[in-house]
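Please look through the sequence and the model shown below. The report that follows takes up backbone angles and then the surroundings of the ligand.

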Amino acid sequence: MKEIKIESTLTVFDDFNELPKDIASLMEQAIEARKKAYAPYSKFLVGAAIALENGEVITGSNQENASYPSGLCAERTAIYYAGAKYPNVKMKTMAIVAGSTTQQTMVPIPPCGACRQAIAEYEVNQNEAIEIYFMGETGKVVKSNSLANLLPLGFDKSAL
Ligand code: THU
């Protein structure tokens, strides 16, 4: 018997203004996408923007439904759109911004487990890391160099 230790390293930026220019621009697009969220039930609005290798940016926002489980997170809305529109183009970076309309969200909001699983599918297939940046409405921005850092021991096609 032995124990194994799993470690992840993340980078924390003090705020939006500390981001490199290209990332700030991608985050701005996530902020714009967040404004189009349809979240009348949770009042929690999320925007995501994905920079592709071909220079395109694909955005998405959460889309809720009166039948709650039928809604979809912003990250999956964006990544499925990117996968559907450009099936063979690598995804480089995803920027995510999230916050409630009922209180100010000042902490970085990481993607939910289901979204991590969905992003992992594309990262594994393209065999190249997808960088993830996430933030609340204000405050710190967290960067993960790859989705794998956010989903250790992930399940993927190698198991099948
Ligand atoms: N949501 C996202 O869009 N992304 C996440 O990673 C977490 C949650 C959405 C789903 C739902 O519309 C609302 O936030 C509250 O859970």
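## Residues with positive phi

Leu153 is exposed, with a relative accessible area of 75%, where exposed means over 50%, buried under 20% and partly exposed in between, for a 1.4 Å probe and protein chains only. Leu153 is placed in the segment after strand E6 (141-144), strands being DSSP runs (E) of at least two residues and helices DSSP runs (H or I) of at least four, numbered from the N terminus. Although Leu153 is not a glycine, its phi is positive, at about 60 degrees. Most residues other than glycine have a negative phi.

Lys43 also has a positive phi, near 60 degrees, and is likewise a residue other than glycine. Lys43 is found in the loop between helix H1 (21-34) and E2, and is partly exposed, with a relative accessible area of 38%.

## Basis of the model

This is a predicted model, in which local features need pLDDT of at least 70 and side-chain atom pairs count only at pLDDT 80 or more, while totals for chains, interfaces and linings use all residues. Residues are numbered from 1 along each chain as its sequence is written, and side-chain values use heavy atoms, with hydrogens and water left out.

## The shell around the ligand

Polar contacts here are pairs of N or O atoms within 3.5 Å. An oxygen atom of the ligand lies 2.5 Å from an N or O atom in the side chain of Glu64, and a ligand oxygen is 2.9 Å from an N or O atom in the side chain of Asn62. A ligand oxygen is also 2.9 Å from a polar backbone atom of Ala74.

Asn62, in the loop between strand E3 (57-61) and H2, counts as buried at 6% relative accessibility, and a polar atom of its side chain lies 2.8 Å from the backbone oxygen of Phe44. Ala74, in helix H2, is buried, with a relative accessible area of 0%. The C-alpha atoms of Ala74 and Pro111 are separated by 9.1 Å, although these residues are 37 residues apart along the chain.

Definitions and conventions:
Polar contact = N/O pair within 3.5 Å; in protein donor to acceptor, adjacent residues only side chain to side chain.
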